[in-house]
Amino acid sequence: KEIARVFKEKTGHEAILSFGASGQFYTQIKQDAPFQIFLSADEERPAKLVEEGLGVGDSAFTYAIGKLVLWSKKPGFVKNEETLKSGDFSKIAIANPAAAPYGVAAIEVMKSLNVYDALLPKIVQGNSVAQAFQFIDTDNAELGFIALSQIPHRKDSSWWIVPNKYYKAIHQNAVLLKTGEQN
């Protein structure tokens, strides 16, 4: 939303935004969805669109590097990696790793900490990182992995910003689509 606001200030053009999982938008773009620009939560899908002739090659760039956070609505609940190691919760939310890079990163963290197998039965999967957030926010999971940009600034929660050493950097790339090239 901040990017769209600055875009309008600088160009006078209004951006109409659609939010969802990168994998779902990639599929929609391949099926001729009327998008002009693709801001993905990963770098792979914009590159694939360029390879497939749907994206403008020299337009791709990294617009952000995502930060993964373990978040809970409960104050003091999340402290650090020990929260995961203790396993003292019944459900942990993650984004679908097939559609969202934050889901891939969540699994990488759990595997790095050697807790993935133990936590596997407790994982609830959202289609996107936004849906993983909703699972936590609606008390369908006590905690989960979300993007740092999603953390609500309120006192009734706790979080741990996961160190980069536990997961591959989440390069979020944008690409101009061929459908937007003339505009």
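Predicted model: local features only at pLDDT ≥ 70, side-chain atom pairs only at ≥ 80, totals over all residues.

Biologist: Why is Ser-22 called buried?

Modeller: The term buried applies under 20% relative accessible area. Ser-22 has a relative accessible area of 6%, therefore it counts as buried. Ser-22 belongs to helix H2, which covers residues 22–30.

Biologist: Which residues does Ser-22 touch, apart from those up to four places away in sequence?

Modeller: Ser-22 touches Phe-38, Ser-40, Ala-41, Asp-42, Arg-45 and Ala-99. Contact requires heavy atoms within 4.5 Å.

Biologist: Is Glu-108 buried, exposed or partly exposed, and how do you know?

Modeller: Buried means under 20% and exposed means over 50%, with partly exposed in between. Glu-108 has 27% relative accessibility, so it counts as partly exposed. Glu-108 is placed in helix H5, residues 101–112.

Biologist: How do you know where Glu-108 stands relative to Tyr-166?

Modeller: These two residues are 58 residues apart along the chain, and their C-alpha atoms are separated by 6.6 Å. Beyond residues up to four places away in sequence, Glu-108 touches Tyr-166, Tyr-167 and Lys-168.

Biologist: Let us turn to the sheet of five strands. What is the order of its strands?

Modeller: The order is E5-E4-E6-E3-E7; the sheet is open and its pairing is mixed.

Biologist: Why are E5 and E7 said to stand at the edges?

Modeller: Strand E5 (123–126) and strand E7 (158–161) each have a single partner strand, so one side of each is left without a neighbour in the sheet. On average, neighbouring strands of this sheet are turned by 30° against each other, direction ignored.

Biologist: How do you know that E4 and E6 are paired?

Modeller: Pairing requires at least two bridges between two strands. Two bridges join E4 (residues 92–95) to E6 (residues 143–147), and these strands run parallel. Ala-93 stands opposite Gly-144 in E6.

Biologist: Why is Leu-143 called buried?

Modeller: The limit for buried is under 20%. Leu-143 has a relative accessible area of 0%, so it is buried. This residue is in strand E6. Leaving aside neighbours within four places in sequence, Leu-143 is in contact with residues including Leu-70, Trp-71, Phe-77, Ile-92 and Ile-136. The C-alpha atoms of Leu-143 and Leu-70 are separated by 6.9 Å, although the two are 73 residues apart along the chain.

Biologist: Which strands does helix H7 lie across?

Modeller: Helix H7 (residues 129–137) lies across strand E3 (68–72), E4, E5 and E6, and runs at about 145° to E6.

Biologist: What makes the pair of Val-129 and Gln-150 a polar contact?

Modeller: One requirement is a pair of N or O atoms within 3.5 Å. The backbone oxygen of Val-129 lies 3.3 Å from a polar atom of the Gln-150 side chain. Gln-150 is in the loop between E6 and E7. Apart from neighbours within four places in sequence, Gln-150 is in contact with Val-129, Ala-130 and Phe-133.

Terms used
Residues numbered from 1 in each chain as written. Heavy atoms only, no water. Helix = DSSP H or I, 4+ residues; strand = E, 2+ residues; numbered from the N terminus. Buried < 20%, exposed > 50% of the residue type's maximum accessible area, 1.4 Å probe, protein only. Axes fitted to C-alpha atoms, helices over the stretch in contact; angles between N-to-C directions. Polar contact = N/O pair within 3.5 Å; in protein donor to acceptor, adjacent residues only side chain to side chain.
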